[in-house]
Amino acid sequence: MAKKPSFTCQACGAAHSKWSGRCEACGAWNSIVEEKPLSAGPASKTLGGRRGTPVMLTDLATEEAPPPRARSGVEEFDRVLGGGLVPASAILVGGDPGIGKSTLLLQAAASFARNGLKCIYVSGEEASAQVRMRAARLGLTDAPVRLAAETNLRDILTTLEAEKPDLAVIDSIQTMWADNVESAPGSVAQVRAASHELTSFAKRHGVSVVLVGHVTKDGQIAGPRVVEHMVDTVLYFEGERGHQFRILRAVKNRFGPADEIGVFEMTGGGLAEVANPSALFLSEREKPAPGSVVFAGIEGTRPVLVELQALVAPSSLAQPRRSVLGWDSGRLAMILAVLEARVGIPFAGLDVYLNVAGGMKISEPAADLAVAAALLSAREDVGVPPETVVFGEISLSGALRPVAQAENRLKEAQKLGFTTAIAPAGSKFGEGSGMQVRTMDDLVSFVGEVFGAG
């Protein structure tokens, strides 16, 4: 039975059963084109030879060792990858314009090349001479990395097949152009086709491919979301332009832990890795003041200490401001509601500002108690002792819930000179932490013991 033709919008990627002049999903005109399906092969054969033949899971040889990971020597980069570069893997790296994606990958490619890997850096946005100028500024002129400036996907795949490199960096996927797709470079169809071809090439030939992706205004990688499903690892390069810190975060990783982070510092000679990010984030901490609280968090497998800063001021507006940097604004609204409903401390008529110092972004709920402490400290104008760290999750009933890896949080805090911790009751702290731990059952007892009210 013949397969029905499918039609896809080149602007948004929506699928349609028939052609029409206007896409109902995004409203674009003349953007729907027919996608020809792959022809079915003979029934008696399998595509891909041995690779496409089904094999019983119980028949796999258990004595086969997994392929060794290639380490670059840049510990922060290897940490985010899960311990090193896996052969035949596809990696997608996204980030804001000018954040340092090309610099990071050029430095990583140079490190891999110095360790014996054959690396090719393909730039679709710059000429080879421009890439060489950046390499000279970073001190990488002696690295045996091959450079190429090309946007035609067919030429790139032909070159990679002839060169047989161990690592290929494609900068960027939005500039690649497949001549079998009738749309402009950067469109949804082109990005999807180029990503599929490069990912398939990586699996077939055992080449590790790193794709650089642009991001949209809301911080997501531009193009169809299916690109993130194709690749093995998705990394986001984050950072505020006003800070020198840069954070490489693993959003998806088939070969290692997700949410792992690597911390870098932007310098005149490129990106320098930060071995102890907690000390770096707290290095600019001013004299402790009301509204300042140190939170002991966990990013991936690494404990990280950051400073939370809160400011509460009278508002002249009918609806007070709620401004948040580095944390979820919805979570802040929940904490304010719990404080008013369960503890009886209102924030009506008050502007609330919350900031995570150093440009760090926190997503774990263990920061609830530290945020509540910063808000109460700013509202009551009472400072939290400077040698204290705070962590814990707040439920809607006002109870404090224990969080994971409490022992690692305490060890990191003790390493940096903190002596006291405030945490929920029931947390597993282990033995010999060497810190004084004050445990609280609920938010009422926390407010009463720390701020003398409740």
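Select Phe77 and Phe112 to begin: both of these residues are buried. You are looking at a predicted model, so every stop on this tour is a feature of that prediction.

**Stop 1: rings that meet**

Across the whole structure, a search turns up 4 aromatic pairs. Your selection is one of them: the ring centres of Phe77 and Phe112 are 6.3 Å apart and the planes stand at 70 degrees, so this pair is edge-to-face. Now colour the two helices. Phe77 belongs to helix α1 (residues 75-81) and Phe112 to helix α2 (residues 101-114), so the pair links distant parts of the chain, 35 residues apart.

Next, select Phe237 and Phe264. How are these two rings arranged? They form an edge-to-face aromatic pair, with 6.3 Å from centre to centre and 75 degrees between the planes. Show the strands here: Phe237 sits in strand β9 (residues 233-238) and Phe264 in strand β11 (residues 261-267), so the pair ties together parts that are 27 residues apart in sequence. Are Phe237 and Phe264 buried or exposed? Both are buried.

**Stop 2: charges over rings**

Move on to Phe347 and show Arg379 with it. Arg379 lies over the face of the Phe347 ring, 5.7 Å from the ring centre. Then select Phe391 together with Arg409. Here Arg409 is placed over the face of Phe391, at 5.5 Å from the ring centre.

**Stop 3: an enclosed space**

Time to look for gaps. Rolling a probe the size of a water molecule over the atoms shows where empty space is left. In this structure, a search finds 4 cavities of 30 Å³ or more. The largest cavity has a volume of about 50 Å³.

To find it, select Phe295, Gly297, Ile298, Glu299, Val304, Val306, Met360, Ile362 and Glu364, which line the largest cavity. Two strands, β13 (292-299) and β14 (302-314), each supply at least two residues of this lining. Which element gives the largest share of the lining? That is β13, with 4 residues.

**Stop 4: an annotated stretch**

Zoom in on Asp96, which is in the loop between β4 (90-95) and α2. Its relative accessibility is 36%, so Asp96 counts as partly exposed.

**Stop 5: backbone details**

Now hide the side chains and follow the backbone. Select Asp171 and Ser172: the peptide bond from Asp171 to Ser172 is cis, with omega near 5 degrees. Ser172 is part of the loop between β7 (167-171) and α5 (188-205).

Then go to Asn30, in the loop between β2 (15-16) and β3 (32-35). What is its phi? The phi of Asn30 is near 55 degrees, which is a positive value in a residue other than glycine.

Finish at Lys164, in the loop between α4 (153-163) and β7. Lys164 is not a glycine, yet its phi is positive, at about 55 degrees. With a relative accessible area of 59%, Lys164 is exposed.

Definitions and conventions. Residues are numbered from 1 along each chain as its sequence is written. This is a predicted model: local features need pLDDT of at least 70, side-chain atom pairs count only at pLDDT 80 or more; totals for chains, interfaces and linings use all residues. Side-chain values use heavy atoms; hydrogens and water are left out. Rings of Phe, Tyr and Trp (its six-membered ring) pair if their centres lie within 6.5 Å; planes under 30 degrees apart count as stacked, over 60 as edge-to-face and the rest as tilted. Buried means under 20% relative accessible area, exposed over 50%, partly exposed in between (1.4 Å probe, protein chains only). A charge sits over a ring if NZ of Lys or CZ of Arg is within 6 Å of the ring centre and within 35 degrees of the ring normal. On a 1 Å grid over the protein atoms alone, a cavity is a set of points where a 1.4 Å probe fits but cannot get out, and a pocket is an open set with protein on both sides within 12 Å along at least five of seven lines; lining residues have an atom within 4 Å of a point. Grid points are joined across faces, edges and corners, and a volume is the space filled by probe spheres set on the points.
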